[in-house]
Amino acid sequence: MKKETNNNIALNFNTDWKYAPAPESTDHIKLKKKYDLFINGKFVAPVKGKYFETTNPATEGKIADIAEGTKEDVDIAVKAARNAYENVWSKMPAKERAKYIYRIARMIQERAREFSVIESMDGGKAIRESRDVDVPLAASHFFYYAGWADKLEYAFPGKKPKPLGVAGQIIPWNFPMLMAAWKIAPALATGNTVVLKPAETTPLTALKLAEIFQEAGLPDGVVNIVTGAAATGAAIVNHPGIDKVAFTGSTDVGKIIQKALAGTNKKYTLELGGKAANIIFEDAPIDQAVEGIVNGIFFNQGHVCCAGSRLFVQEGVADMVIRKLKDRMETLIVGDPLDKNTDIGAINSKEQLKKIESLVQIGINEGGDYYQTSCSIPSKGYWFRPTIFSGVSQSSRIVQEEIFGPVLAIQTFRTTDEVVEKANNTAYGLSAGVWTDKGSKIFKVTSQLRAGVIWANTYNKFDPTSPFGGYKESGVGREGGLHGLSPYLKMN
Ligand code: NAI
Ligand code: MG
């Protein structure tokens, strides 16, 4: 009998994969032309009357005018949050607080489609991701933390956990809705009130969330949303009425915030950058690992702090992995974020595109072996094709610096000790991935990697019950899970 081999299945990945357009409809989306600040349960004009534009990075078109909050507005918001904390929220029985949080979770689910489309319009991410990842996970964070609200004594046995007061929260543009949920849900569950600032390029889902807070009847002032850019964020960090700062963003800004908070009584958590190692051993399931590499670096245009941006492949399989990876990359569709077939949407802003382009140019100048896919990209908007560099060295800037785009730096290794040393040779320590058939190797390697989150035989998987956070310059503290409650509590 003739033995069947895989060669019989002629897969030609290099054909141009064409799908009919399948855009998500935007008819049902209700957006205002102008958004004010959300303070004390109402939308109010900013004191100084200034507005800025938020645009759609896939079309470069303006979506809406957004209020630019100043120090004065932050002061009003912090006072509203303080008043709500002292007179309403901290006095309310925990199980009553939980009801509001559950209600918010359910309302996000009911309006999931609307939120997904707005997230993709404002930030450029593929609808498949906002629909299947960001929005459902945002709802599940509210559900998860709602469950803890009246069980805090069980979370911390023998302690009497008490809220801190007013939390000032500053979030980035890569997961706008999900980061709002990561920040707001544990703060509310622990009895704190909130002043939150979304990123300037992606404020819309946080403002739509404010509409949900109104509809849910959340007491006035419990959550306040103050839009604006760096100066607005700094006004929140430096306001004396803030008891805790929660920040997610760049390591540079994280350092500024940490300096500003030194010597104050404010608690803080910082979720900063990353340069994760994704490690493929020779005995790994190679096809799954290739999917994991793709998911690790090309997911959300590589705008992911825990992106698997450094790939380490064991020498014996390196050629095969790189060949399969290139084949798979050629099938990735870059384009309209609202199209359901799109794998890679728009780069979030012109500034971010410039940053990616300049780091890739540095990689080319440094002499790395460079490969970029040949897919077509729209003529308008901000786009970057999936790109890999192989043959790079530990000292290359593209190996050391966070690019925050769909760009992968590939190195090879021979031994476990060698790869652990290389993987740990970074200023960051947020996440890592290990691919091998051997459970014992997973335990050996993961126990030596200095990273807060490590995936084994998978990548970029999130769950509200798992803590998330980094070592070294990747930040301070943990969010998510039981660990995510304590930064919002004082214990005695
Ligand atoms: P960023 O750190 O400047 O922005 C994050 C948030 O902080 C935004 O809401 C921003 O308005 C606010 N902010 C900026 N300066 C502030 C200040 N002095 N005080 C208080 N708040 C402030 O990040 P940016 O400029 O948007 O991106 C630059 C680079 O940072 C990216 O290329 C990427 O490498 C990295 N980044 C990392 C993120 C992560 O999750 N680790 C998220 C966003 C960016
Ligand atoms: Mg925008």
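Colleague: Which protein donors hold the magnesium ion (ligand 2)?

Modeller: This is a predicted model, and in it the donors of the magnesium ion are T54 (OG1), T55 (O), D122 (O), D122 (OD) and T201 (O). They lie 2.2 to 2.5 Å from the ion.

Colleague: How are the donor residues spaced in sequence?

Modeller: The pattern for magnesium ion (ligand 2) is T-T-x66-D-x78-T. T54 sits in strand β4 (residues 51-56) and D122 in helix α3 (residues 112-123), so that pair ties together parts 68 residues apart in sequence.

Colleague: And T54, buried or exposed?

Modeller: Buried, with a relative accessible area of 0% for T54. D122 is buried too, and its relative accessible area is 1%.

Colleague: OK, switching to the whole chain. How many helices and strands?

Modeller: There are 15 helices and 20 strands in the chain.

Colleague: What radius of gyration does the chain have, against that of a compact globule?

Modeller: The chain has 23 Å, and a compact globule of 492 residues would have a radius of gyration near 23 Å, so the two agree. If you'd rather think in box dimensions, the C-alpha atoms fill roughly 80 × 50 × 50 Å along the principal axes.

Colleague: What share of the residues is buried?

Modeller: Buried residues account for 58% of the 492 in the chain. As for contacts, take those between residues at least 6 apart in sequence: 76% of them join residues at least 24 apart.

Colleague: What about charges, how many positive and negative side chains?

Modeller: The chain carries 60 positive and 54 negative side chains. The centres of those two sets lie 5 Å apart.

Colleague: One last spot. Where is A346 found?

Modeller: A346 is in the loop between α11 (315-330) and α12 (350-365). Despite being in a loop, A346 counts as buried, at 0% relative accessibility.

Colleague: Which residues does A346 touch?

Modeller: Leaving out residues up to four places away in sequence, A346 touches P57, A58, G123, G124, Q301, H303, P337, Y382 and W383.

Colleague: How far is A346 from G469?

Modeller: C-alpha to C-alpha, A346 and G469 are 26 Å apart in space. Along the sequence, 123 residues separate A346 and G469.

Methods: Residues numbered from 1 in each chain as written. Chains lettered and ligands numbered in written order. Predicted model: local features only at pLDDT ≥ 70, side-chain atom pairs only at ≥ 80, totals over all residues. Heavy atoms only, no water. Donors = N, O, S within 2.8 Å, 3.2 Å for Na, K, Ca; no water. Helix = DSSP H or I, 4+ residues; strand = E, 2+ residues; numbered from the N terminus. Buried < 20%, exposed > 50% of the residue type's maximum accessible area, 1.4 Å probe, protein only. Rg over C-alpha atoms; globule rule 2.2 N^0.38 Å. Contact = heavy atoms within 4.5 Å. Lys, Arg positive; Asp, Glu negative; His and termini not counted. Charge placed at Lys NZ, Arg CZ, Asp CG, Glu CD.
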